[in-house]
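Here is a short tour to follow in a viewer.

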Amino acid sequence: MMPPILTLSGLTKTFGNVYALDSLDLILDSGSIHGFVGPNGAGKTTMLSIVSGLKRKTSGDIKFSIPQNQMMLMPDTPDFFPLLTAQEVVDLARWPFRKEVNVDAVSKILEEVGLQDSADRQVGGFSRGMKQRLGLATALIGKPQLILLDEPCSALDPIGRREVLNTISQMRGKSTVLFSTHILSDVEDVCDSVTVVNKGKALYGGSVSGIRKSAGQSFEDAVLELLLSKGNVE
Amino acid sequence: MNLWKMELIHLYRSWRGWTLIGFYLLASILAVVIGIFIDRAYANFSHARALDLYMTISIVGLLVFVGIVVSSLAFDSNKDSSIFLRTRFTMKQIILTKLVIYFSFSGILFYSGFILTLIISMFLFDTSDPLNLNWVLWGIFLELISGFFYVSLMLFTSSIFRGSVASVLLTLAVLIGIPIIGTTLITVELLMRGLMDTPPVEWEYVSYVGRTLLWWPAALSDTQAFMSVTESEVNSGMISFFGQVFELDAHFRYKPLISTLIASPILALLAWRRYSRREI
């Protein structure tokens, strides 16, 4: 059995007296798709920032079973240099992996995210949804072993959301995906496991089905019940 | 596509690169045009004086360059595009690329304008008193060393604030503000001491504030005057630079040279410490 690709133990991040993360534990199995859900301000983006090295942890342990250059983050509002074309942005994202990934992969990935017709357009003219698709393309181009997605569907229309979720599903077994989202139905659709977090603390970590208290309870109701009972969400 | 191409695209698909080229070209053209008018009025306008004009007018291009570089170094001002870069490249790669591209580009523009002015003025103006190549090369060498201070200063001021506007304002405040405040203080001091009749070229020897300001690294840029030294000035041992006459001394501005060599690595290290510890 493969070791977990990522293990967080007691991960804590404070900003002054505010605990953005409070002894958060998480185990991410290799090849799985793991959802990370919680209300606004729960600590989802902070956790992803710390794991990707953009912020420092206050305390706790982070263990990877892969080299850190095999991890890629897509932020919640991806943005790029406005004068570059989509093709150039993805090619620039390919640069750290240029020995493993051929330049032909650029056009292919743009097609997968639905931006093939905008490949030669400058990114400055892109809508937020287009930038989000481009962000996904830049995260996937290097075929990283661990992909961190911060609300990858937030700016997408229903069709775009479905396409992105399909793309994420196809990664099962090939890469490990950790994605944060508000949209509980997305987690239920594609994720193998989920962590529910609020005020920096993990309230639940386990399988998607295991969160339900009863057979007839929906995933959404189960999460809301958890947040309202333990998480003190107002 | 790599970081180098990205920076070049940033310069040339926008107004930045073309504006800089325009300013240095304009400096060269203006130096020649002004020289023509002066030559018509007084005759025997020397080609070396056209170079003095070019070096002075090109200061405008330098200020624009400072704004462009500092705002580029403040790349963390856009959190999301900064995340794109920082998750794929090291901070060292990002900063080194920017510094090499921008400062090479600026150097190429400045010296291209210098050579253009020299060539045109050799055709149009008096060349009976030619430039002294040794002194020109010495001036270029000292000018390159003074560039290290500007590089490290801009790196440092960009590292203080995330925002590009604040970084640019801080840099300009330091570069322009210190000479202005210094000159004001010197004037006040000489007034108080009853020494206002002292020629400006001697202020740095007479004024305590002036003597202190000699250690300000940017004062090394005064050695630009060597880049237009002529044979007659070498023979007389005196150099004339915009109405100021002072001794032609290779050790001129040795104090800011020392402070440049000390301050530049310190500023660069402090900047690196701030950049490398910055969170997004």
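**The sheet**

Start with the six strands of chain A that form an open sheet, in the order E5-E6-E7-E3-E8-E9 and with mixed pairing. The model is a predicted one.

Next, select residues 71-74 and 201-207 of chain A, which are strands E5 and E9. Both stand at the edges of the sheet with a single partner strand each, so one side of each has no neighbour in the sheet. Now look at how the strands are set against one another: neighbours in this sheet are turned by 15° on average, direction ignored.

Select residues 193-198 of chain A, strand E8, and keep E9(A) in view. Six bridges join these two strands, which run antiparallel.

Move to residues 128-140 of chain A, helix H4. What does helix H4 lie across? It lies across E5 and strand E6 (146-150) of chain A, and it runs at about 175° to E5(A).

**The whole chain**

Zoom out and colour chain A by secondary structure: there are seven helices and nine strands. The radius of gyration of chain A is 18 Å, close to the 17 Å that the globule rule gives for 234 residues, so the chain is as compact as a globular protein of that length. Its C-alpha trace spans about 50 × 40 × 35 Å along the principal axes.

Of the 234 residues of chain A, 46% count as buried. Among contacts in chain A with a separation of 6 or more, 70% are between residues 24 or more positions apart.

Conventions
Residues numbered from 1 in each chain as written. Chains lettered and ligands numbered in written order. Predicted model: local features only at pLDDT ≥ 70, side-chain atom pairs only at ≥ 80, totals over all residues. Pairing = 2+ DSSP bridges. Helix = DSSP H or I, 4+ residues; strand = E, 2+ residues; numbered from the N terminus. Axes fitted to C-alpha atoms, helices over the stretch in contact; angles between N-to-C directions. Contact = placed C-beta atoms within 7 Å. Rg over C-alpha atoms; globule rule 2.2 N^0.38 Å. Buried ≥ 20, exposed ≤ 12 C-beta atoms within 10 Å, placed from the backbone.
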